[in-house]
Amino acid sequence: MISRISALAAALMLSAAGTAFGQTIYPLDRAEILAGSQFDFKVEFPPVQDASAVSVTINGQDAKSVLTQPADFLPSEDGERSALWIRGATLAKPGKYVVEATVRGAEPVRVTWEVFATPARKAKNVILFIGDGMSVAHRTAARILSKGLKEGRYGGELAIDDMPYMALVSTSGTDSVVTDSANSMSAYTTGHKSCVNALGVYCAHNKNTLDHPKVETIAELVKRRSDMAVGVVTNTEIEDATPAGMVSHTRRRADYNDIVGMFYQVQPDVIMGGGSPNFLPKSTPGSKRTDDKDFLKQFQDAGYSFVTSNTELKAAVQPGHTAKKLLGLFNTGNMDGALDRRLLKKGSVDKFPDQPDLTDQVGAALDILSKRDKGFVLMVESGHIDKYSHVLDWERAIFDTIMLDNAVKLAKDFAAKKNDTLVIVVADHAHPVSIVGTYDDDRKGDTARDKLGVYDEAKFPNYPPADAEGYPTSVEVSRRLAFVFGAFPDHCDTIRPHTEGPNVPAVKGDDGKYIANEKNCSGPQAVRRTGNLPTNQPQDVHAADDVVLTAIGPGAEQFHGRIDNTRVFRYMANALGLAKP
């Protein structure tokens, strides 16, 4: 009878805590943990007042003795639950670990972890390219526009495709079948799954976004254990989810001010992108900070050369330069994409006319990082493939896919000199996009559907030959790819390039719901499309489709078949021998 009463009391406590069952253990079940890497161990319990009422073991031994760090028991965390923390834990011995957490009188909860070692080091350097949101259709369209397509054969290969190893990567997170860039990038940089909007943490129930259980990123790991150099290069704001995933620990990817501080704590040797306002003290006009911290000064005081334009970037890495650390911030927001910078001169190009191309950034990063004797890890993101896909602006997305390809070619040429560099190209998630034919202005009829050719009537597009850098010299042609989106809000599809500026498919109506942007609805073939997304969504969304990974160099042979996104971290760690026995 007493045991039944105890069990009932435990169940009532669980109900009061809003938890459906038992305790929650972080890292979660089936976590793969690199031997020697650091992580926060946390167990959340229903409210209990006495630490003696709980028991936490790892392989049958007291958890704190296994993790060799002191434990901190909080009887009332956030006033909602009890919690046991062991921060900065490590597990040095590879193998299977069974973690069991028990509240007196209730059933235990168990999770199993795999702690893995790595073989001897194969690669001196790793370059990880992220085509944010890059799906198969983006690759295909980039190949068509860049290499040409005649009688069903392409005029050449993309650098991102001409690599000997390939895998399909699954991207779902801990809370949703469809990921965002934050938790998907965290899987690549930590080897741990997380939830939507989270960076470098397991998503616990903490109210403060910075209090969730942390897992060490590859940037932190290589600096702590091997003194390798680290580079983070993007054409988005540097605080955005993908670049932030190299250094950050927060439940909310929008914590830009805190993320800048995390960049400073880790101090990658090369940092390049947009997003300068979050580096400026609030007293500076244009600042987005809420405090008086001047991170531009702090970085410069720490030995960083600071550049704001392509001209300054080239000067910083001219022959004979002595720059060992570089901070480049080239826009107050996201940098402009290749189509706007090269051809259309829209977006913010008039305000920032001297922004570098991704190839300029990668060349400068390789110049600085390659001078480090112990090697480097470089992450490069082409972020607008995703951002332009969200707003149904596929031509801009494809120009930035071509730009990514050019940057990958640069990296492959660098790697070919010594064959000591693993180069990986992968998307963090997919978009629901496909090429279904061509729109042909010469087809009879007046509507968009009349102009669409499918099957044998999908004639090859007539984009002009690409220039020396692989870009077509115009996207305003009479026969264009029918690049379509499978998820969209109410909008008007013009079936033509958005030459006046990046597309805005939907705007908020008087009732707060998103409706078609009427500016797009007056073209000769514009078609009004009823959205298939909830009305609180103003743009295309991500897809759960697997993404394609291609790789070359020492360690690339690990990538084959279908893998989970956490395996990208594991295989990078293997190539670098970060936890060899």
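**Figure 1. Helix α4 and the glycine that follows it.** Gly-191 comes directly after α4 and has a positive phi, near 80 degrees. Helices (H or I, at least four residues) and strands (E, at least two) are DSSP runs, numbered from the N terminus. The model is predicted: local features need pLDDT of at least 70 and side-chain atom pairs count only at pLDDT 80 or more, whereas totals for chains, interfaces and linings use all residues. Residues are numbered from 1 along each chain as its sequence is written, and side-chain values use heavy atoms, with hydrogens and water left out. Helix α4 is mostly covered, with 10 of its 10 residues buried; buried means under 20% relative accessible area, exposed over 50%, and partly exposed in between (1.4 Å probe, protein chains only). Among the buried residues of α4 are Ser-181, Asn-183, Met-185 and Tyr-188.

**Figure 2. Packing of helix α4 against helix α15.** Two packed helices are described by the angle between their axes and the distance between the axes. The axes of α4 (residues 181-190) and α15 come within 6 Å and cross at roughly 25 degrees. Helix α4 is therefore roughly parallel to α15; angles under 35 degrees count as roughly parallel, over 145 as roughly antiparallel, 65 to 115 as roughly perpendicular and the rest as oblique. Axes are lines fitted to C-alpha atoms, for helices over the stretch in contact, with angles from 0 to 180 degrees between N-to-C directions. The crossing of α4 past α15 is right-handed, that is, the near helix is turned clockwise from the far one by less than a right angle, anticlockwise being left-handed. Ala-187, Tyr-188, Thr-189 and Thr-190 of α4 meet Thr-566, Val-568, Phe-569 and Met-572 of α15, contact being heavy atoms within 4.5 Å. Helix α15 is also mostly covered, 10 of its 11 residues being buried.

**Figure 3. Aromatic pairs.** The whole structure contains 12 aromatic pairs. Rings of Phe, Tyr and Trp (its six-membered ring) pair if their centres lie within 6.5 Å; planes under 30 degrees apart count as stacked, over 60 as edge-to-face and the rest as tilted. Phe-41 and Trp-113 pair edge-to-face, at 5.8 Å centre to centre with 80 degrees between the planes. This pair links distant parts of the chain, 72 residues apart: Phe-41 lies in strand β3 (residues 39-45) and Trp-113 in strand β9 (residues 109-116). Phe-41 counts as buried because its relative accessibility is 0%, and Trp-113 is buried at 1%. Phe-559 and Tyr-571 are likewise edge-to-face, at 5.3 Å and 75 degrees. Phe-559 is in the loop between β27 (547-552) and β28 (562-564), and Tyr-571 is in helix α15 (residues 566-576). Both Phe-559 and Tyr-571 are buried.

**Figure 4. An aromatic cluster and arginines over rings.** Tyr-264, Phe-279, Phe-295, Phe-299 and Tyr-304 make up one aromatic cluster. Arg-570 lies over the face of Phe-116, 4.1 Å from the ring centre, and Arg-143 over that of Tyr-154, at 4.9 Å. A charge sits over a ring if NZ of Lys or CZ of Arg is within 6 Å of the ring centre and within 35 degrees of the ring normal.

**Figure 5. Surroundings of Leu-481.** Leu-481 is placed in strand β22 (residues 479-485) and counts as buried because its relative accessibility is 4%. Leu-481 and Tyr-439 are 42 residues apart in sequence, with their C-alpha atoms 6.2 Å apart. Not counting residues up to four places away in sequence, the residues that Leu-481 touches include Ala-141, Ile-144, Trp-394, Tyr-439 and Pro-461.
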